[in-house]
Amino acid sequence: MSGDKPNSEQPRVSDEERRIARASLPEGLRTETLAVRAALAPSQHGENSEALFLTSGYLQPDAETSARRFAASEDFTYSRTSNPTVRSFEARLAAMEGTEAAVATSTGMSAILLLIMGLLKAGDHVVCSRSVFGSTINLFAKEFGKFGVETSFVSQTDLAEWRAAIKPTTKLFFAETPTNPLTEVCDVAALAELAHGAGALLAVDNSFCSPAIQQPARLGADVVMHSGTKYLDGQGRVMAGSLCGSEKLIKDVFGPVMRTAGMTLSPFNAWVVLKGLETLGIRMKAHSENALKVARWLESRPEVARVFYPGLASHPQHELAMRQHKDGQGGAVVSFELRADTPEAAKAAVFHVIDSTRVLSIATNLGDTKSIITHPATTSHGRLSEAQRQAAGIGQGLIRLAVGLEHPDDITDDLLRGLSTLNH
Ligand SMILES: *Cc1c(COP(=O)(O)O)cnc(C)c1O
């Protein structure tokens, strides 16, 4: 035989048998197990680590099959629509979130774009916490507003405000918990009940906790959104995002938008986050332990007016957080406010502390093994108006620390360089 097409010595049926064998992982596996096991079946080569399929197109065995696959948007036809590596990431993340399905996107922001393009039309209304990520506020207030989707911003923690904002046109509640950077925690189950009572869906941005700490769908959320750029990758390498939800939402509502609009996750980035998920549980535990140590130390410092961390007993929603989060983990992000008399003095003190560090990374990202120190008022929330910033509680004296996996004493020693040399 010669001139055979690639792989033709492997009968397709044996491929499928393998796929079926792997698709039938036993029921009831725990998140830690799903994090390393849930994926598509291996290729005919039997690789134990999931393969990276860097391909934009797929060979079709014949014209008839090709026509069928294109019509059904099933199997693999073109990587804007689906790719085996991306599919494995989606399957693994959905399994970990406890949802039927997931769709991967190029970034966290494009996941919110897909959410709104899929669910809403002009005239629809959204209720959103005013404490969510800065770019999320801009996306809702400015970009979606241009297309006639209106958003009311309400308190993260006051349910009465959410209830009062509901209109006949309300289709979606959007929440993020804990929030960036103040780590305010909202009650996901209570918000789900309120949204459903109004005939709306609840979407929760789970970027801060990840499914290793919190599974919003199990508390009633309809869509779980991720910036995979953060803890899913967890090592500061790639941009990624995702929406997790029911098969119906992912396939019928978001699938068609994804295929035509193309906010697709690249196979390489999907492979990086897919492998990142395997260590997510142990990383989040280590992040949370380090963060709690740093937060307690900061609380003991005279230069610090206030520390925001859900793992501290002083946190206003500490009990709720400990109920919602697995094993009392508080996550990696600690924010703290320096003592100062004026906004100008506060900003100068913050800049001194940041510039005195020799180990921490000065950057605006989070979700890395490396600890990152940020001044939200001039970076992540820098594009907001002063009034919006005030409403979100982001003062000039606030520092956000995304605690990494260094030794916690090296992190506090690095902070001490600036704190101990502040001139009051
Ligand atoms: C970073 C972040 C986003 C945006 O994700 P990108 O991947 O940067 O687009 C959304 N929500 C939260 C909570 C984030 O931290």
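Below is a short chat about a predicted model with a ligand.

Colleague: What are the ground rules for the model?
Modeller: It is predicted: local features need pLDDT of at least 70, side-chain atom pairs count only at pLDDT 80 or more, and totals for chains, interfaces and linings use all residues. Residues are numbered from 1 along each chain as its sequence is written, and side-chain values use heavy atoms, leaving out hydrogens and water.

Colleague: What does the side chain of Asp 205 do with the ligand?
Modeller: One of its N or O atoms is 2.6 Å from a ligand nitrogen. In the side chain of Ser 227, an N or O atom is 2.8 Å from a ligand oxygen. Both are polar contacts, meaning pairs of N or O atoms within 3.5 Å.

Colleague: Switching to the fold, what is the strand order in the sheet?
Modeller: The 7 strands run β1-β7-β6-β5-β4-β2-β3 in an open sheet with mixed pairing. Strands are DSSP E runs of at least two residues, numbered from the N terminus, and two of them pair if DSSP finds at least two bridges between them.

Colleague: Which strands stand at the edges?
Modeller: β1 (101–105) and β3 (150–154); each has a single partner strand, so one side of each is left without a neighbour in the sheet.

Colleague: And how do β5 and β6 pair?
Modeller: Residues 201–205 of β5 and 223–227 of β6 pair in the parallel sense over 3 bridges. Val 204 stands opposite Val 224 in β6.

Methods:
A polar contact is a pair of N or O atoms within 3.5 Å; within protein, one must be able to donate a hydrogen and the other to accept it, and residues adjacent in sequence count only if both atoms are side-chain atoms. Helices (H or I, at least four residues) and strands (E, at least two) are DSSP runs, numbered from the N terminus.
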